[in-house]
Amino acid sequence: MGAYVGAVWAYGHGGAEMERFAREVEGRWGFLRLLDPVLLPRCGLIRGEKMGGRVKGAIGEAQFSDLARPLRVIATNLRTLERVVVSSGEVALAVQASSAIPGVCAPVRIGDELLFDGGVVDPLPVDVAREMGVDVVIAVNVIPTPAYMRCRMEFEREQSAMRYHEFNRFVKFFRRTSETIAGFGILDVMHRTMLGAQMRLAEHSCRRADIVVRPLSFDGRWHDFHRPGKYIAVGRRAAEENLPEIKGLIRRHSHEPKTPDNPLAVAA
């Protein structure tokens, strides 16, 4: 999703247009518009070409050289597990590769290599932005910390207790047990496993950013594409909470003699 948002922004679209694109898959069955299942899955359950098609719907067949703002897209090499920083070629194809969730989406071939989700090896590429010459880096970290996960667990327990307090002890035990079992599917377990590996990487990268914005949601799920309004609101709230610090940073850098060639570069 970071690569998708970064590509649309780097192409030149504004916030209102980006929100309109997001709301095109809003609704209960909106997620189905992104699915293109593989009949005999080997490397992934879906091809991911519909995601690439959605990017093309917003930016066409734009090349990196056509973008209004500099962009770098992060992917992972399937064979070597090395980080790949894509900065040339067709943007939509690079975004499709960066969005290929392991086990869910099939890897994407770019040149001679098979690429998939860059978040596996670098979920918050602050150093890539620095290497691009960006003076001020505002990192958006959507990966929760273990402390946040503990708070979420306690919150869910409290909500469950309030909801079923009138039930007898046996019913409450049965309900809690069934929810514990049913609450995590195979893909949820895979997603949480990847989150566990990403947490330390993301926190390490945060140290190199000037400001870190953390739009987190207690009940967020990895497949919540059909509720864009909710996550837009979460992101807006997180940005507003950091506005004083962001404005102060802008004021400090506006007095410096050196001005970056393009302060709106994106690494995703």
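Student: What should I know before I start?

Tutor: The model is predicted: local features need pLDDT of at least 70, side-chain atom pairs count only at pLDDT 80 or more, and totals for chains, interfaces and linings use all residues. Residues are numbered from 1 along each chain as its sequence is written, and side-chain values use heavy atoms, with hydrogens and water left out.

Student: How many helices and strands does the protein have?

Tutor: Start with the rule. Helices (H or I, at least four residues) and strands (E, at least two) are DSSP runs, numbered from the N terminus. Here there are 10 helices and 7 strands.

Student: What share of the residues is buried?

Tutor: Buried means under 20% relative accessible area, exposed means over 50%, and partly exposed lies in between (1.4 Å probe, protein chains only). Of the 268 residues in this protein, 35% are buried.

Student: Why does spacing along a helix matter for the way residues point?

Tutor: An α-helix has 3.6 residues a turn, so residues three or four places apart point the same way.

Student: Which other residue has a positive phi although it is not a glycine?

Tutor: L81, with a phi of about 60°. L81 sits in the loop between β1 and β2. L81 is exposed, at 54% relative accessible area.

Student: Now the inside. How do I read a nonpolar core?

Tutor: In soluble globular proteins, nonpolar side chains tend to be buried together. A nonpolar core is a set of buried Ala, Val, Leu, Ile, Met, Phe, Trp, Tyr and Cys residues joined through side-chain atoms within 4.5 Å. The largest one here has 26 residues, and Y4, F64, L71, V73, V91 and V95 have the most contacts inside it. Two or more residues come from each of α1, α2, α3, β1 (71-77) and α4. A second, separate core has 8 residues, including L124, A139, C206 and A209.

Student: What does L71 contact beyond its neighbours within four places in sequence?

Tutor: Its partners are G6, A7, A10, F64, V86, S87, V91, M132 and V266.

Student: Where are the charged pairs?

Tutor: A salt bridge is a side-chain nitrogen of Lys or Arg within 4 Å of a carboxyl oxygen of Asp or Glu. By this rule there are 11. In one of them, R54 meets E24 at 3.0 Å, N to O. R54 is in helix α3 and E24 in the loop between α2 and α3, so the pair ties together parts 30 residues apart in sequence.

Student: Which residue pairs with D127?

Tutor: R83, with the closest N and O atoms 3.2 Å apart. D127 is in helix α5 (residues 126-131) and R83 in strand β2 (residues 83-86), 44 residues apart. R83 is partly exposed, at 32% relative accessibility.

Student: Finally, is N141 buried or exposed?

Tutor: N141 is buried, with a relative accessible area of 2%. N141 lies in the loop between β5 (138-140) and α6 (146-163). A polar atom of its side chain is 3.1 Å from the backbone nitrogen of I143. Beyond four places in sequence, the contacts of N141 include E203 and R214.

Student: How are E203 and R214 joined?

Tutor: By a salt bridge, with the closest N and O atoms 3.0 Å apart. E203 is in helix α8 (residues 186-206), and R214 is in the loop between β6 (211-213) and α9 (228-241).

Methods
Polar contact = N/O pair within 3.5 Å; in protein donor to acceptor, adjacent residues only side chain to side chain. Contact = heavy atoms within 4.5 Å.
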